[in-house]
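Dear colleague,

I am passing on the structure below, and I would be glad if you could look at it alongside the notes that follow.

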Amino acid sequence: MTAFDTKLKNDHCFIDGNWVPPVDGQKIELFDPSFGTKLCDIAQGTSEDIDLAVDAAQNALDGDWGQMTAAERGRLISKIGMEILNRIDWLAELEARDVGKPLTQARNDAIALARYMEFYGGAADKIHGQTIPYMQGYNVYTLREPHGVTGHIVPWNYPMQIIGRSVGAALTMGNACVLKPAEEACLTALAFAKIADECGLPKGALNVVPGYGHEAGAALTSHKGVNHISFTGSVATGVKVQQAASENIVPVTLELGGKSPQIVFNDADIDRALPFLVNAGIQNAGQTCSAASRILVERGVYDDVVNRMSEAYRKLSVGPAMGDHSLGPLVSKRQKEIVEGFLSAAETGDITISAQGHFTDDLPEDGAYVLPTLLKDVSPDHPLAKDEIFGPVQVIIPFDGEEEAISIANGTDYGLVAGVWTENGGRQMRMAKAIKSGQIFINNYGAGGGVELPFGGHGKSGHGREKGFEALYGFSTLKTVANWHG
Ligand code: NAD
């Protein structure tokens with residue numbers, strides 16, 4: 001393992017283009033969830049480090065970074081994307097060890113990070129204002145400008161993808177960023193800063209302060225020098241972030257949880273649907289905001305879908321991330337306990353386990369492993385069918401007809417992503433319109449990925465959109481200039 005050698009100052013912050021220890025010298029231990037052993041220390045940044053990072057970001061806006069043209073920014077961001085691809089093995093191994101993600105999935109995340117930079121780099125000089133016909137004697141036009149200093153709070157489940165979609169878009173629009181990665185997983189955030197720095201990103205344009213949410217995170221979201229906050233994480237923390245931002249009247253993008261359904265009608269192409277139904281539940285061991293954790297199946301094909309999904313589940317292997325099995329461990333023992341709590345509620349609640357995967361023979365004793373579990377005949381009102389589990393657990397729910405499918409699909413507090421499987425064109429359109437969700441996939445399902453596709457929530461899944469061009473609008477503000485020329 002080369003990750004913790006001189007390549008990465010894992011117990012430092014990255015502020016104003018320099019690797020600096022946190023002001024009060026505290027550290028947080030990081031664990032490898034595949035083995036339960038200590039991986040390394042990271043910095044425990046506090047409000048003092050956040051103050052330094054916000055100052056550095058403001059100075060960058062007043063300095064070289066603020067002077068760059070959109071084309072220059074685009075070229076630089078594209079270059080960072082290319083360099084990420086060059087160092088893909090390094091990034092993938094860091095992520096696999098840090099969060100327990102199977103190596104192939106970690107590689108895919110690194111590719112997605114590069115793809116965000118490629119997409120946004122190319123878009124940098126294609127976002128512009130408009131001219132507006134107005135009264136006689138006026139020229140009116142709009143300017144699209146950066147917010148200024150943007151704060152980015154990122155969870156542990158897809159650090160690279162979420163950094164790509166939020167920091168990538170914010171930098172593209174000329175903002176200067178302060179990134180607070182999750183305390184459970186921050187190595188690829190530091191690696192991203194290192195790569196950006198080596199590609200020539202002006203100092204202060206990107207600052208990374210690792211630390212706890214209630215310390216560094218809270219300090220960032222309540223900082224008076226921050227002009228926009230992008231938060232991805234749980235609903236409970238999202239509420240705190242929005243409250244803190246409201247004190248300073250700062251716009252917030254909240255990307256929160258989900259309980260996303262895939263809905264299979266009797267006329268669906270089940271051969272095509274099957275891998276999407278299973279993968280969207282077990283990818284990243286189910287720790288995906290857009291995981292399809294509810295599978296709604298019309299009564300006529302219910303037994304068939306249950307049997308075929310069960311067969312697929314029995315083939316799923318669970319083992320250490322570097323062994324590249326179907327699933328790795330969960331991110332931590334704490335997360336394992338949460339998921340096991342839901343599974344024991346299934347046992348005591350008389351819910352049938354339709355199938356489970358299997359552990360590899362040499363499973364490390366102290367890893368945070370749980371078996372992927374498929375539960376059938378679950379009532380749509382049961383907490384297992386309503387609450388976000390954030391583990392490899394899918395519930396299958398039978399329904400009769402479109403109306404009931406819509407009512408169950410819309411029957412949770414969330415609305416992030418939905419999938420609909422039907423060959424009936426009219427029904428495809430009716431379902432797309434009736435389901436309350438930020439994204440709808442018809443005869444496919446895209447958990448994660450899709451850098452071009454605007455993404456965000458409805459209800460408690462959050463508000464604001466990231467990914468695609470929408471993110472560039474979100475990470476900028478519009479100024480209207482009415483110029484009277486006589
Ligand atoms: P979390 O809310 O506990 O933590 C997320 C981040 O917020 C971490 O960096 C944490 O340090 C920080 N944080 C914690 N308390 C804070 C505070 N008081 N002020 C500011 N920051 C604070 O969430 P988690 O457990 O790390 O992530 C899992 C959750 O994230 C799930 O609910 C999942 O659905 C959601 N998620 C959503 C998306 C999306 O795009 N919608 C993507 C990934 C994860």
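The largest pocket holds about 930 Å³ of space, where a pocket is an open set of points on a 1 Å grid over the protein atoms alone at which a 1.4 Å probe fits, with protein on both sides within 12 Å along at least five of seven lines, and where the volume is the space filled by probe spheres set on points joined across faces, edges and corners. It is lined by 36 residues, of which W156, F231, G233, S234 and T237 are the closest to its centre, a lining residue being one with an atom within 4 Å of a point.

The model is predicted, with local features needing pLDDT of at least 70 and side-chain atom pairs pLDDT 80 or more, while totals for chains, interfaces and linings use all residues. Residues are numbered from 1 along each chain as its sequence is written, and side-chain values use heavy atoms, without hydrogens or water.

Domain 1 (13-256 + 464-481) and domain 2 (261-450) both contribute residues to the lining, so the largest pocket lies between them; the bounds come from an automatic or database domain assignment.

Turning to the ligand, 29 residues surround it, the closest being K180, E183, S234, L256 and E388 (a heavy atom within 4 Å). Among the polar contacts (pairs of N or O atoms within 3.5 Å), ligand oxygen atoms lie 2.6 Å from a side-chain N or O atom of K180 and 2.8 Å from one of T237. The protein buries 90% of the 840 Å² that the ligand exposes when taken alone (Shrake-Rupley method, 1.4 Å probe).

Best regards

Conventions: Polar contact = N/O pair within 3.5 Å; in protein donor to acceptor, adjacent residues only side chain to side chain.
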